[in-house]
Amino acid sequence: MGDRNQTNTGAPRPEILAPAGNAQMLSAAVLSGADAVYLGLTGYNARRSAGNFTPEELGQAVAFCHARGVRVHVTLNTLVFGSELAGLADAVRAVARAGADAVIADDLAVAALVRQIAPGLALHGSTQMTVHTPEGVRQLAAMGYERAILARELSLEEIRAIASASPIEVEVFIHGAMCMAVSGQCMMSAFLGGRSGNRGACAGPCRLPFDAAPTVGGLRPGQPGRACHLSLKDMDLVPYLRQLAEAGVASVKIEGRLRTPEYAAAAVAACRAARAGQPYDEALLRDIFSRSGFTDGYLTGRNDKTMFGVRTEQDAAATRAAAPKARELFRRELSRVPVRLTVSCEGGRVRLSAADRDGHTAEAVSRQDAQPAQRDQGEAIRRALGKTGGTPFLPEEIRLPEEAARLFLPGSEWNELRRTVLDQLLADRSAPAPKEVRPFALPAFSLRPAAGSPKPAARFETADQLLGLPGALRDRLAFWVLPAAEVPRLPEPLRPRTLAELPRVQFGAAEPAARRALAACEGLGLAGVVLNNLAQFRFDTALPRFGGLGLNLTNPLAAEQHRRLGLRGMLAHPETPLAAMRQFAADLPVAALCYGHMPLMLTRACPLKNLRDCAGCDRRGLLRDRKARDFPVRCSAPGGAGVRTVYNPVPLYMGDRLRELPADYAVAAFTLEEPAQVRQILERLLQGQPFDGEFTRGLYYA
């Protein structure tokens with residue numbers, strides 16, 4: 001872990017990492033004092049609606065930042081399809097040629113391309129990878145990542161435990177918007193509006209009104225059309241910055257690439273003050289953007305109704321009023337690059353040299369001869385040379401020999417010498433420093449057949465759903481998936497075709513609980529285990545390993561990387577169109593969902609807490625949207641380690657088009673259904689009949 005008081009760049013810990021959605025925001029973040037910025041290259045990033053940067057603009061941005069000692073992290077953190085891999089490789093080349101410092105990667109295809117094309121770029125694991133446990137960061141380290149960006153939902157104790165166990169740097173979000181869903185595990189925008197948040201195009205449907213369905217007993221509907229039970233307030237952990245530093249956090253990240261330059265500057269200024277143990281303008285930080293205040297609920301373990309909030313007109317009015325004050329934070333550049341200035345005499349002229357700590361130098365010679373001074377000029381010369389305000393430079397030493405202090409030059413001449421050497425030094429620091437780009441050609445991936453007859457399989461939420469099937473119907477399934485905790489309930493004859501499934505998220509005590517559940521499955525004669533999180537690759541098991549929904553597999557290169565990690569087969573992410581699914585290697589067993597109420601979001605915050613107390617709660621509820629659609633909510637476990645799932649009320653169905661699935665296995669996923677419904681739906685699906693009711697094809701034909 002190194003020195004806990006410094007990052008690996010030598011800057012004070014924690015690094016303050018600011019958003020740069022466009023050139024104006026980048027300038028504001030840097031001039032107000034950010035240590036690093038993160039930005040997106042046009043395409044292939046999780047904020048496609050931000051201004052983002054072309055390859056040429058990226059080079060200019062990197063030069064501007066590096067001249068001021070600011071690191072640049074480029075986001076290539078979306079899921080990609082096989083047809084996009086060539087463009088993604090070009091994006092990696094552009095990032096390297098621009099001389100950026102790190103790539104924030106989600107899809108393992110990105111990591112593979114970075115290692116092959118530009119190994120000089122640092123790899124940071126995106127929060128989209130759902131890393132939230134000690135084993136998760138250890139797995140990222142084993143895969144060559146230098147930093148893990150942790151999930152937003154962690155408590156301070158959980159962050160401390162992860163950081164202390166991590167062989168690489170950890171980064172946490174400290175301020176800004178919070179999605180209701182755990183990052184990387186949300187399909188709401190994709191299935192409700194066809195715009196995938198996992199591909200950078202989230203439409204934010206969770207910010208729209210969702211209230212309790214009035215027919216559900218025990219729930220307390222809010223004012224019609226006004227309740228927003230899937231909208232969280234922004235997080236504000238700035239008051240805890242020093243505690244996060246003490247916990248071992250290397251970088252604190254400000255969310256907000258879609259916001260304004262004023263927002264970036266206000267958040268950076270607050271973080272800088274908090275890091276120094278100084279007071280900051282809390283009112284300005286709140287007014288520049290909030291959703292009726294902030295929450296620290298996850299960090300402090302207070303997962304309750306106070307976490308929820310919406311943006312009001314009063315909030316917007318406060319932002320408009322606060323903008324001019326925030327603008328003052330970046331009107332003049334913060335001086336922070338240490339520079340050593342040295343005066344020397346050369347004949348009758350004076351030479352001024354400048355040098356920074358990175359080995360850059362510059363010098364200038366006076367335009368006129370210096371004259372003997374009637375009195376010592378040392379104080380006046382130092383005062384003139386120290387006027388570096390409005391530049392990034394901060395004089396740490398001014399070397400003035402005694403003979404130079406006895407010479408006279410007009411103040412304008414000293415000012416000109418100072419401006420000249422600092423301009424030269426800034427230009428030298430701005431010079432391009434591209435990373436190595438190695439030759440690389442994408443491997444050829446053989447296409448899967450466009451049509452076939454995938455073997456039927458199923459995933460069940462409970463053992464009762466499986467046990468309720470007639471034996472003849474069950475025998476038609478190639479295999480079935482069951483949560484590991486449910487597997488011991490199965491009679492021995494059913495186990496050879498059973499895959500034990502591990503959870504997609506496992507906060508706190510849930511990770512060791514998942515280990516124990518897997519250990520209980522050893523020796524039962526199962527067909528294998530389904531992994532849903534990178535952390536689970538580190539779990540000891542003799543069972544064959546398969547990839548599940550949580551791994552977000554959408555392209556053949558990522559699939560190949562997972563195969564190298566030991567997977568024998570995998571589920572294609574349901575946001576993958578059929579045309580893209582065909583691009584998975586034909587020799588790699590692939591499954592695709594053919595039925596199921598999609599888990600639109602996994603969330604640690606509980607929307608039901610806005611509607612009823614936990615005491616006596618049966619962990620079930622319905623949220624109704626503005627179109628009167630009822631979204632089932634299920635709570636998996638009580639307490640802070642539990643997660644809640646919001647399901648799509650309309651199921652995915654491909655039973656009448658199974659032959660169009662370019663997969664080896666067609667998996668029907670049963671979650672909400674009673675055993676009798678499971679039987680009815682499975683019979684219809686196996687007979688190739690149309691669905692009896694409203695359904696969706698999802699994004700398969702996108």
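1. A residue is called buried here when its relative accessible area is under 20%, exposed when that area is over 50%, and partly exposed in between (1.4 Å probe, protein chains only). By that criterion Q583 is buried, because its relative accessible area is 19%. Helices (H or I, at least four residues) and strands (E, at least two) are DSSP runs, numbered from the N terminus.

2. The model is predicted, so local features need pLDDT of at least 70 and side-chain atom pairs count only at pLDDT 80 or more, while totals for chains, interfaces and linings use all residues. Residues are numbered from 1 along each chain as its sequence is written, and side-chain values use heavy atoms, with hydrogens and water left out.

3. Q583 belongs to the loop between α20 (578–581) and β24 (590–596). Its polar contacts are described with the following rule: a pair of N or O atoms within 3.5 Å, where within protein one must be able to donate a hydrogen and the other to accept it, and residues adjacent in sequence count only if both atoms are side-chain atoms. The side chain of Q583 reaches the backbone nitrogen of G82 at 3.2 Å, and it reaches the backbone nitrogen of S83 at 3.2 Å. Contact in general means heavy atoms within 4.5 Å. Not counting residues up to four places away in sequence, Q583 touches F81, G82, S83, F445, S446, L447 and P556.

4. Helix α4 (residues 108–117) packs against helix α19 (residues 556–564) at an angle of about 85°, with the axes 7 Å apart. Axes are lines fitted to C-alpha atoms, for helices over the stretch in contact, and angles run from 0 to 180 degrees between N-to-C directions. Angles under 35 degrees count as roughly parallel, over 145 as roughly antiparallel, 65 to 115 as roughly perpendicular and the rest as oblique. The helices α4 and α19 are therefore roughly perpendicular to each other. On the α4 side the contact involves L108, A109, A112, L113 and R115, which meet L557, A558, Q561 and H562 of α19. By class, the residues of this contact of α4 with α19 are six nonpolar, two polar and one charged. In this classification Ala, Val, Leu, Ile, Met, Phe, Trp, Tyr, Cys and Pro count as nonpolar, Asp, Glu, Lys and Arg as charged, and the others, Gly among them, as polar.

5. Helix α4 also meets helix α3 (residues 85–98): their axes come within 10 Å and cross at roughly 50°. The helices α3 and α4 are therefore oblique to each other. The crossing of α3 and α4 is right-handed; a crossing is left-handed if the near helix is turned anticlockwise from the far one by less than a right angle, and right-handed if clockwise. L85, L88, A89, V92 and R93 of α3 make the contact with A109, V110, L113, V114 and I117 of α4. The residues of the contact of α3 with α4 comprise nine nonpolar, no polar and one charged.

6. A further pair is helix α13 (residues 378–385) and helix α15 (residues 411–429), which pack at an angle of about 40° with their axes 9 Å apart. These helices, α13 and α15, are therefore oblique to each other, and their crossing is right-handed. I381, A384 and L385 in α13 meet W414, N415 and R418 in α15. The contact of α13 with α15 has four nonpolar, one polar and one charged residues.

7. E135 lies in helix α5 (residues 134–142) and is buried, with a relative accessible area of 10%. The side chain of E135 makes a polar contact with the side chain of R538 at 2.9 Å. Apart from residues up to four places away in sequence, E135 touches E511, R515, A535, R538 and F539. The buried residues of α5 are E135, G136, V137, Q139 and L140. Their cover includes β5 (122–125), β6 (147–149), α6 (156–165), β7 (169–176) and α18 (510–521). After α5 comes G144, whose phi is positive, near 95°.

8. F173 is found in strand β7 and counts as buried at 7% relative accessibility. Leaving aside neighbours within four places in sequence, F173 is in contact with T127, I149, L150, R152, M235, L237, K253 and E255. The C-alpha atoms of F173 and I381 are separated by 45 Å.

9. S292 has a positive phi of about 55° and sits in the loop between α10 (282–288) and β11 (294–295); at 39% relative accessibility S292 counts as partly exposed. A628 has a positive phi near 65° and is found in the loop between β26 (620–625) and β27 (630–635).
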